[in-house]
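Open the model in a viewer and keep the selection panel at hand. The stops below can be taken in order.

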Amino acid sequence: MAEFRYRTWLAFPAREVFEWHARPSVPERLTPPWQRLRVIERRGDIEGEGRSVMEIGIGLRRVPWVTRVSGYVRGREFRETQVTGPFRRWTHTHSFIPDGSDASYLEDRVSYELPFGTMGSQLGEYLVHRKLERVFRHRHRVLRDDLERHSRARGEGPQRILISGASGLVGKSLAAFLSSGGHLVARLVRGVADSKREDQIPWDPASGTLDPAVLEGVDVVIHLAGANISEGRWNPRRKRLILESRVRSTQALGRALSRMQVPPRVLISASAIGYYGDRGDAWTDESAVSGNGFLSEVCRAWEAATELAHDRGIRVVHLRIGVVLSARGGALAKMLTPFSVGLGGVVGSGNQYMSWVALGDLLGAIHHLMFADSVSGPVNAVAPQPVTNHEFTKTLGSVLTRPTLVPLPAPIVRMVFGELGEALLLGSARIAPSVLERSGFCFLYPSLRSTLSTELGRDYD
């Protein structure tokens, strides 16, 4: 059998690193964003010989991959062995090796045998090792960054956190990040909650139905719910849905929080940099007034809907989020297909500014704001280095090693996308994260190239 090893030194004791791996949300945290791997089901845990059912993309196919856990030694080791899947045999051993009392080594050892016998091994082993190198370098970086971020709030203890919009790109990733840090995460779900899931709380934001009693004991509320603004043209019906989905859900949540006997410490309520409107190339921070246009109108109403929570004495943060970059979804995922086949290009003049944020830094910013008691009101969740559309286009093409010679002229944008295209593709916003930086937040992905390289796995080639 072939063998691959990857080892990293960590400034954390082996027991703490092991406990992080034992939490159920960790597989979602460790799956690289560029990898076509989906966790379908997990049964049990690493102590009780758990079982994972996944799908992995290989070429044009999706192949089932089932593994079981064995060899559990508390604080030191466990193994995952393939039951069925793409390999002839596969065993992944996780070892946690103390280096004194305050540090450790994490070693991942993969023993595998490819299908097709000797020919398969000769042809595939080199490629498998390259892929494993990329995967485990990413996994170990995520682990280190998560441990460091969670260690900064260690004195606060585990928090009970409620998330709305937990099925979206940001919400799903946030729930996994917070759960892997030892926090207790509950999700607001529309309609009837799954009776087998203790972490689900039913609500109906359209009618305002949310029982305050079931929220008692919650320390932090993170409100991310709202209809997707980039789906379809903005006709009157779609615009009404975008506005009402945000305002009504925020009002319903604020009403329930205001009626709790002991309300949460903080409500972090999503908003967007659309609040500022089209600002050209002018630097804009949280002190700026609202702009004009539909998105500015939505953001003003969205933020005003938190009034009941504010009046109840809850610290309210309006998180004005920029373009979230992740290969798992959102704007970047939609761009990958045309850019990957050489059909990407500058939109409009290319001079309009795009204020973006890496998904990993957005999760870190939310975690930071949970404990930044002096911060309230508007907070721009954007990287400190906004770029023009021309810069973004050339950087993405460079990371993908593809040409970017197919422009999308402004008249075509307006004809195809209408008002949505004017606001999201042609509008310019050069936004500064002034409040985050003053409050001591540290960006792990401040540059566009490092963010795109990490999300697409290209910095490991």
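Select Ser453 and show its neighbours: Ser453 touches Val399, Arg458 and Asp459, leaving aside residues up to four places away in sequence. A contact here means heavy atoms within 4.5 Å. Ser453 belongs to helix H14. Helices (H or I, at least four residues) and strands (E, at least two) are DSSP runs, numbered from the N terminus. Ser453 is buried, with a relative accessible area of 11%. Buried stands for under 20% relative accessible area, exposed for over 50%, and partly exposed for anything in between (1.4 Å probe, protein chains only).

This is a predicted model, in which local features need pLDDT of at least 70 and side-chain atom pairs count only at pLDDT 80 or more, while totals for chains, interfaces and linings use all residues. Residues are numbered from 1 along each chain as its sequence is written, and side-chain values use heavy atoms, with hydrogens and water left out.

Next, select Phe443, in the loop between helix H13 (434–438) and helix H14 (448–456). Is Phe443 buried or exposed? Its relative accessible area is 13%, so Phe443 counts as buried. Beyond residues up to four places away in sequence, Phe443 touches Asp361, Val382, Ala383, Pro384, Pro433, Leu436 and Glu437. To get across the model, draw a distance from Phe443 to Val83: the two are 360 residues apart in sequence and 40 Å apart in space, C-alpha to C-alpha.

**The seven-stranded sheet**

Now colour the open sheet of 7 strands, whose order is S1-S7-S6-S5-S4-S3-S2 with antiparallel pairing. Two strands pair if DSSP finds at least two bridges between them. At the edges are strand S1 (2–10) and strand S2 (37–43), each pairing on one side only. From one strand to the next the twist averages 20°. Helix H1 (residues 14–22) packs on this sheet and touches S1, S4, strand S5 (77–84), S6 and strand S7 (104–113); the direction of H1 makes about 145° with that of S6. Axes are lines fitted to C-alpha atoms, for helices over the stretch in contact, and angles run from 0 to 180 degrees between N-to-C directions.

Within the sheet, pick strand S3 (residues 51–58), which pairs with S4 in the antiparallel sense over 8 bridges. Ile56 has Val63 in S4 as its bridge partner.

**Aromatic rings and charges**

Show the rings of Phe, Tyr and Trp. How many aromatic pairs does a search of the whole structure find? It finds 12. One of them joins Trp65 and Trp90, edge-to-face at 5.2 Å centre to centre with 75° between the planes. Trp65 lies in strand S4 (residues 61–73) and Trp90 in strand S6 (residues 89–98), so the pair ties together parts that are 25 residues apart in sequence. Rings (for Trp, the six-membered ring) pair if their centres lie within 6.5 Å; planes under 30 degrees apart count as stacked, over 60 as edge-to-face and the rest as tilted. Trp65 is buried at 9% relative accessibility, and Trp90 is buried at 9%. Then select Phe18, Tyr72, Phe78 and Phe96, which form one aromatic cluster.

Two arginines come next. The charged end of Arg7 sits over the ring of Tyr105, 5.0 Å from its centre. Arg320 lies over the face of Tyr275, at 3.6 Å from the ring centre. The criterion is that NZ of Lys or CZ of Arg is within 6 Å of the ring centre and within 35 degrees of the ring normal.

Go to Asp146 in helix H3 (residues 117–151). Asp146 counts as buried at 3% relative accessibility. Its contacts, not counting residues up to four places away in sequence, are Trp20, Arg29, Phe177 and Ser180.

Strand S9 (residues 184–190) is mostly covered, with 5 of its 7 residues buried. S9 runs parallel to strand S8 (residues 160–164), joined by 4 bridges. Ile161 stands opposite Val185 in S9.

In helix H6 (residues 294–304), select the buried residues Phe294, Leu295, Ser296, Val298, Cys299, Trp302 and Glu303. The buried residues of H6 pack against helix H5 (236–258), strand S12 (266–272), strand S14 (315–321) and helix H12 (419–426).

**Zooming out**

Finish with the whole protein chain, which has 14 helices and 20 strands. Of its 461 residues, 53% are buried.
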